[in-house]
Amino acid sequence: MEPRRPTKPAAEEEGPMEACEVTRLQEELLWAALSSTSPRDACRAAAVSPAFRVAADSDALWACFLPCGRDLPPLADGESTPCRKKDLFLRLSGSPVLLPCGLVSMWLDRETGARCYMVPARELSIG
């Protein structure tokens, strides 16, 4: 009895693989799909392909994860606002920002993009 030879997978027999279909999609479609996910998933998608990486680094995508302009907290005096939306998101999720009222701090959750607030215990009242 002759030993059995391993067979090649069907994909190897067909020849070179065609380019990934994702690369044929427009960047706007990719970031629109990524904007319905979370910041964490958008960062993970950047590892999928160069097309996803471009979409995951676009300002249009990261603007979706930031609060709208009027709800965006001011940064500390002397601190410049980052030019890229992704950098601004990372700044706001890295450490709390004191809101103009002076007592409440706000930051963005890095994984979900949710707004988080911190109020000093002395400012709370149970009635």
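**Salt bridges, sheet and a proline**

Modeller: Happy to! Searching the whole structure turns up three salt bridges. Do keep in mind that this is a predicted model.

Biologist: Which residue does Arg40 meet in a salt bridge?

Modeller: Arg40 sits in helix α3 (residues 39-45), and its partner is 71 residues apart, in the loop between β2 and β3. The side chains meet at 3.1 Å, N to O, and the residue is Glu111.

Biologist: Is Lys86 buried or exposed?

Modeller: Lys86 forms a salt bridge with Asp57, with the closest N and O atoms 3.0 Å apart. Asp57 lies in the loop between α4 (50-56) and α5 and Lys86 in helix α6, so the pair ties together parts 29 residues apart in sequence. Buried means under 20% relative accessible area. Lys86 is at 18% relative accessibility, so it counts as buried.

Biologist: Now the sheet: which strands are at its edges?

Modeller: Three strands form an open sheet, paired antiparallel in the order β1-β2-β3. An edge strand here pairs on one side only, and that holds for β1 (97-98) and β3 (115-118).

Biologist: And which residues does Pro73 contact, leaving aside its neighbours within four places in sequence?

Modeller: Pro73 is in the loop between α5 (59-65) and α6 (85-94). At 7% relative accessibility, Pro73 counts as buried. With those neighbours left aside, its contacts are Leu92, Val97, Leu99 and Met106.

Notes
Residues numbered from 1 in each chain as written. Predicted model: local features only at pLDDT ≥ 70, side-chain atom pairs only at ≥ 80, totals over all residues. Heavy atoms only, no water. Helix = DSSP H or I, 4+ residues; strand = E, 2+ residues; numbered from the N terminus. Buried < 20%, exposed > 50% of the residue type's maximum accessible area, 1.4 Å probe, protein only. Contact = heavy atoms within 4.5 Å. Pairing = 2+ DSSP bridges. Salt bridge = Lys/Arg side-chain N within 4 Å of Asp/Glu carboxyl O.
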